[in-house]
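Me: I'm new to this one and would like to learn how to read it. Could you walk me through a few features?

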Amino acid sequence: LAMSEKGGVLGAVTVQYLLEKSRVPFQSKGERNYHVFYQVVSGHPSPAELSLDKGCAGFHYLAQSGVTEIAGIDDKADYERLCTAMAHIGIESAQQAEVFRLLSGLLHIGNASFTGEDEAAIEPSSAPALATAVGLMSVSGLEQSLVSSSMTTRGETVQIKLTKEKAALARDALTKAVYARLFEWVVGRINDKNGSGALVDNPTFIGLLDVFGFESFAINTFEQLCINFANEKLQQFFLKFVFKAEEDLYSAEAVAWTRIEYQDNQGCIDLVEKMPTGIMRVLDEQCKKPGSDAEKKDKAFCSEVGETHRRNDFFMDARGAGQKNYRVEEAFAVRHFAGDVCYVGAGFCDKNNDTLHTDFVKLCSASGHAVLSSLFAAEAGARKANTFNSVSRRFINDLNQLMVDLNSTKAHFIRCIK
């Protein structure tokens with residue numbers, strides 16, 4: 001919140017860190033996808049236009065967890081509130097309709113399944129879902145892009161056939177990328193409405209930080225490591241701030257006191273981010289290595305982390321953390337301030353690479369769907385190759401900048417109890 005010298009609010013800007021894109025194609029048992037999907041399916045006044053007639057149960061991306069409704073949440077009523085909120089930030093009804101068509105298209109893409117041994121083909125039963133997605137998103141060539149990818153060498157472009165497993169990964173990569181860009185687009189519209197430019201002209205501000213909650217599930221992966229690493233950094237800031245404030249108070253009031261020693265978690269922070277052997281640094285190097293077998297890369301990553309940090313006080317192998325069903329090349333554990341967490345390596349390399357294949361970028365940027373094409377316009381003009389784009393590096397950089405901002409301000413904490 002940008003503030004004037006007299007205490008008036010000049011404007012506001014919203015910044016998001018690490019959208020959990022993997023929630024779009026996958027949710028654990030008992031969890032839901034993002035609320036907006038259920039709101040559109042339940043509340044849209046013309047579900048037939050978007051082929052939503054079968055309800056949430058008709059979509060793999062919504063029904064796989066076994067939970068489509070939550071007690072106390074009225075998705076239909078929330079859809080109406082969503083439309084009102086979108087109108088308030090300048091997204092009028094015509095553009096709202098485009099957003100809902102796009103979200104519906106992602107759900108239909110999620111219903112695509114594949115067959116074939118060495119070369120993937122669209123499962124005939126899911127062909128209608130893809131045809132619907134093509135119509136809703138106004139794209140051409142979607143089916144081809146899901147089962148093959150182009151490669152250009154020495155000026156010649158060839159089509160590489162994908163296996164059905166890689167086709168499923170390509171499907172999910174596309175839906176995650178579109179949803180993430182759409183989310184950022186909405187945040188941008190909110191900032192445009194709230195006058196985010198005021199922060200450039202006036203550096204005096206009040207920042208409200210919604211802190212990640214520490215996460216430890218039955219299966220923890222890349223997102224949990226990022227979230228828990230953020231908690232480590234914020235915990236360190238909290239401890240230093242609180243103890244320093246107490247020391248200053250005692251000194252100001254001339255109260256005799258004995259210095260209090262507290263547990264420093266710098267070792268855990270270094271384990272994750274320190275160059276060149278931190279877990280995230282090792283992950284980046286593994287992602288850069290040639291080869292397209294994600295499973296082999298994930299195993300090599302876990303093995304290297306285990307070998308590099310086996311004597312680190314903040315590191316344990318999975319068996320040491322009580323997860324005896326995982327081998328060294330499959331998982332590892334970190335001793336966080338809030339408890340030991342075992343991280344399963346499967347999917348780490350894929351989730352750490354924010355690069356979408358150029359075939360999908362071209363397909364989306366050429367779409368007749370105005371919102372979708374705008375989401376990829378900049379990339380289509382700038383992208384020349386499928387280069388590695390590290391999610392973890394960007395997250396660490398953003399987090400470190402956040403810590404700089406926090407250390408330049410006076411902090412106040414609200415303790416929340418679930």
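Reply: Let's start with a hairpin: strand 8 is joined to strand 9 through two residues. Helices (H or I, at least four residues) and strands (E, at least two) are DSSP runs, numbered from the N terminus. Keep in mind that this is a predicted model, where local features need pLDDT of at least 70 and side-chain atom pairs count only at pLDDT 80 or more, while totals for chains, interfaces and linings use all residues. Residues are numbered from 1 along each chain as its sequence is written, and side-chain values use heavy atoms, with hydrogens and water left out.

Me: How many bridges join strand 8 to strand 9, and in which sense do they run?

Reply: Strands of a sheet pair through backbone hydrogen bonds, either parallel or antiparallel. Two strands count as paired if DSSP finds at least two bridges between them. Here six bridges join strand 8 to strand 9, and the two run antiparallel. Ala-333, for one, stands opposite Cys-342 in strand 9.

Me: What is the order of the strands in this open sheet?

Reply: The order is 7-8-9, three strands with antiparallel pairing. Strand 7 (315-317) and strand 9 (339-344) are the edges, each pairing on one side only. On average, neighbouring strands are turned by 30° against each other, direction ignored. Axes here are lines fitted to C-alpha atoms, for helices over the stretch in contact, and angles run from 0 to 180 degrees between N-to-C directions.

Me: Where does strand 7 meet strand 8?

Reply: Three bridges join strand 7 to strand 8 (residues 331-336), again antiparallel. Met-316 stands opposite Ala-333, and Phe-315 has Val-334 as its bridge partner.

Me: Which helix packs on the sheet?

Reply: Helix 12 (residues 294-309) does, touching strand 7 and strand 8, and its direction makes about 45° with that of strand 8. Contact means heavy atoms within 4.5 Å.

Me: Is strand 8 mostly covered or mostly open, and how many of its residues are buried?

Reply: Mostly covered: five of its six residues are buried. Buried means under 20% relative accessible area, exposed over 50%, and partly exposed in between (1.4 Å probe, protein chains only).

Me: Why does Asn-231 count as buried?

Reply: Because its relative accessibility is 9%, Asn-231 counts as buried. Asn-231 sits in helix 9 (residues 222-252). Not counting residues up to four places away in sequence, Asn-231 touches Val-211, Phe-212, Gly-213, Phe-214 and Phe-337.

Me: How do I read a pair of helices, say helix 11 and helix 16?

Reply: Two packed helices are described by the angle between their axes and the distance between the axes. For helix 11 (residues 279-288) and helix 16 (residues 391-407), the axes come within 9 Å and cross at roughly 145°. Met-280, Arg-281 and Asp-284 of helix 11 make the contact with Ser-392, Arg-393 and Ile-396 of helix 16.

Me: What about strand 5 and strand 6, how many bridges do they share?

Reply: Strand 5 (residues 148-153) and strand 6 (residues 156-161) pair in the antiparallel sense over six bridges. They form a hairpin with two residues between them, and Arg-154 in the turn has a positive phi of about 55°. Ser-149 has Ile-160 in strand 6 as its bridge partner.
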